[in-house]
There are 2 protein chains.
Amino acid sequence: MIQKLINSIKKTQAPIVVGLDPKLSFIPDHIKNKSFNEYGKTLEGAADAIWQFNKLIVDATYDLIPAVKPQIAMYEQFGIPGMVAFDKTVKYCKEKELIVIGDVKRGDIGSTSESYAIAHLGKIDIDGVNVDVFDEDFATVNPYLGTDGIKPFVDICNEHDKGIFILVKTSNPSSGEFQDKLMDGKPLYEHVARMVDKWGADSMDADYSNVGAVVGATYPEVGKVLRDVMPKSFILVPGYGAQGGKAEDLVHYFNKDGLGAIVNSSRGIIAAYKQDKYASFGSEGFADAARAAVIDMKEDIGKALSQTR
Amino acid sequence: MIQKLINSIKKTQAPIVVGLDPKLSFIPDHIKNKSFNEYGKTLEGAADAIWQFNKLIVDATYDLIPAVKPQIAMYEQFGIPGMVAFDKTVKYCKEKELIVIGDVKRGDIGSTSESYAIAHLGKIDIDGVNVDVFDEDFATVNPYLGTDGIKPFVDICNEHDKGIFILVKTSNPSSGEFQDKLMDGKPLYEHVARMVDKWGADSMDADYSNVGAVVGATYPEVGKVLRDVMPKSFILVPGYGAQGGKAEDLVHYFNKDGLGAIVNSSRGIIAAYKQDKYASFGSEGFADAARAAVIDMKEDIGKALSQTR
């Protein structure tokens, strides 16, 4: 699967992913009101608004980008209708030939991790009949439970040509509380990264592994170190833009081949129309604003990368 | 919320929780076949079988126990219909006045953790209208992202009188890979436990905190240490029975007041009819077998507790 992502990155010349994290506050009134008029101010109404919003964002950006990353929490908070919107979003993005990274941050003991891996990347065996479930292309996974929480995901990656990104160093302010603690002279995130490299060796797909890592844009010095620790792993980089990560900080997340990282932006793209820079699009033009923000992000990262080569 | 759990434990004299983790292989053929006849070997068919199975297990045990713990992965793997079965199970158990611990192991950066907390414990604000979502009583939470991944859950606990159990030392064989690593001379799980104690101070409910911890039955020596580190936190103890944890090992998870721990058994109860000990119930009597297994578990743990007092 990682080769599919690489091919799409090369084709679009864009090592970026758009985070489809549609808070209700991001959705323009004309969309929300239409959904609320039809379904009321209910879970169904909110979920419909999210789905309509996502669809227009995808329509306006899919030709520019290799991948999207729906954050499942933003859907789960709207209950069953929200999960239906998640499912529709995944399917719609795949129809548009986008690679879908399910940002689900699942992880549990072995037998339970297997169920999560099936839910998001595999097929469920129903009395001999194999059925697709949410069927994203990649999922994010939490490493706290160790190898037996990860291995079922790696097995499913191999069986169904899928990929995962394991949380190594997250972008949030308090990520250091546990992740930065020194053990045997090295921070926990580095121990996790070494295991990512090891787990990844069991799921190689040409030059890269289907097992990648999440390393926040907000900690560029860490990104530089971890790039060397996991040479075969793609790094999914959240935290660009709204969370403070800058393009020039991100060049060290890439390998010398120009690959090895994919940078996420969520509200910086999908809620671009709320920024002064894109205000002229207005709320009716939110999707065009998102397109403009994608083009700017692509240029911003492209320029930073070319200046260091 | 923890006081509600304590009251139910006292009333039932049972510091135990039944894990509603219905794998298809646990469900007797007569239930599965009925669902498959109605809905086919589909996600809907599987989810209906799970729901019918759960309902009969709950009907047969609810008067004996304070709480249930549905493991959401077992539902998520059946997609939207599976999530509907989860939702129905939660609602049904609450109607039966059982406390519901959603074993969801969620956790993310602050703003995203807030969405997960809303999804499982809070209410979602839909343009000024507050709507219940899955509305469990407790949820399990992963600590890898640190305080800002936990705080939104604690806030929601305070706002809606709910509780959480934070993963500290999990029951699986490889939990030690990261959790046991020494930092400043102490294992990571102990650092997490100290934070649980600290986070818990912000959500006290009489003598105990709404912020509890997960510590596996399979590591009794760890349980003994962590009991003292987090005196105000309830410990949710998975790993009894099928995973190898024994009643006599569990006494150290309890405080001197006889409280402070609640022991989970999943397949040991819900699939009891598959054990030699309960084989005489047959698959038609699976729910009665579950009841017998609950009575035995209650006695097993009660005896171990009384022998140490």
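I began with charges across the interface of chain A and chain B: the rule finds 8 salt bridges there. This is a predicted model, and I count side-chain atom pairs only at pLDDT 80 or more.

I then looked up one pair by name. Asp108(A) and Lys105(B) join their side chains in a salt bridge, at 2.9 Å from N to O.

Next I counted polar contacts. Between chain A and chain B I get 33 residue pairs, both partners at pLDDT 80 or more. I asked which helix gives the most to the side of chain A that touches chain B. Helix α6, residues 110-121 of chain A, does, with 7 residues. I sorted that side of chain A by class as well: 36 residues are nonpolar, 20 polar and 15 charged.

Then I turned to extent. Chain A puts 71 residues into the contact, and chain B puts in 71 residues. The two chains bury about 5,700 Å² between them, with 62% of it on carbon and sulfur atoms. In chain A, the residues that lose the most area to chain B are Ile80(A), Tyr144(A) and Phe178(A). Together they make up 15% of what that side buries.

Last, symmetry. I laid chain A on chain B by a turn of 180° and a shift of 0.0 Å along the axis, and the RMSD is 0.0 Å. The two copies are thus related as by a two-fold rotation axis. Which residue of chain A comes closest to the rotation axis? I find Met183(A), its C-alpha at 2.5 Å.

I also compared the two sides. Of the interface residues of chain A, 100% are also interface residues in chain B, so the copies meet through the same surface.

Notes. Residues are numbered from 1 along each chain as its sequence is written. Chains are lettered from A and ligands numbered from 1 in the order in which they are written. This is a predicted model: local features need pLDDT of at least 70, side-chain atom pairs count only at pLDDT 80 or more; totals for chains, interfaces and linings use all residues. Side-chain values use heavy atoms; hydrogens and water are left out. Contact means heavy atoms within 4.5 Å. Buried area is the accessible area (1.4 Å probe) that two parts lose on being put together, summed over both. A salt bridge is a side-chain nitrogen of Lys or Arg within 4 Å of a carboxyl oxygen of Asp or Glu. A polar contact is a pair of N or O atoms within 3.5 Å; within protein, one must be able to donate a hydrogen and the other to accept it, and residues adjacent in sequence count only if both atoms are side-chain atoms. Helices (H or I, at least four residues) and strands (E, at least two) are DSSP runs, numbered from the N terminus. Ala, Val, Leu, Ile, Met, Phe, Trp, Tyr, Cys and Pro count as nonpolar, Asp, Glu, Lys and Arg as charged, and the others, Gly among them, as polar. Copies are superposed by least squares on the C-alpha atoms of residues with pLDDT of at least 70 in both.
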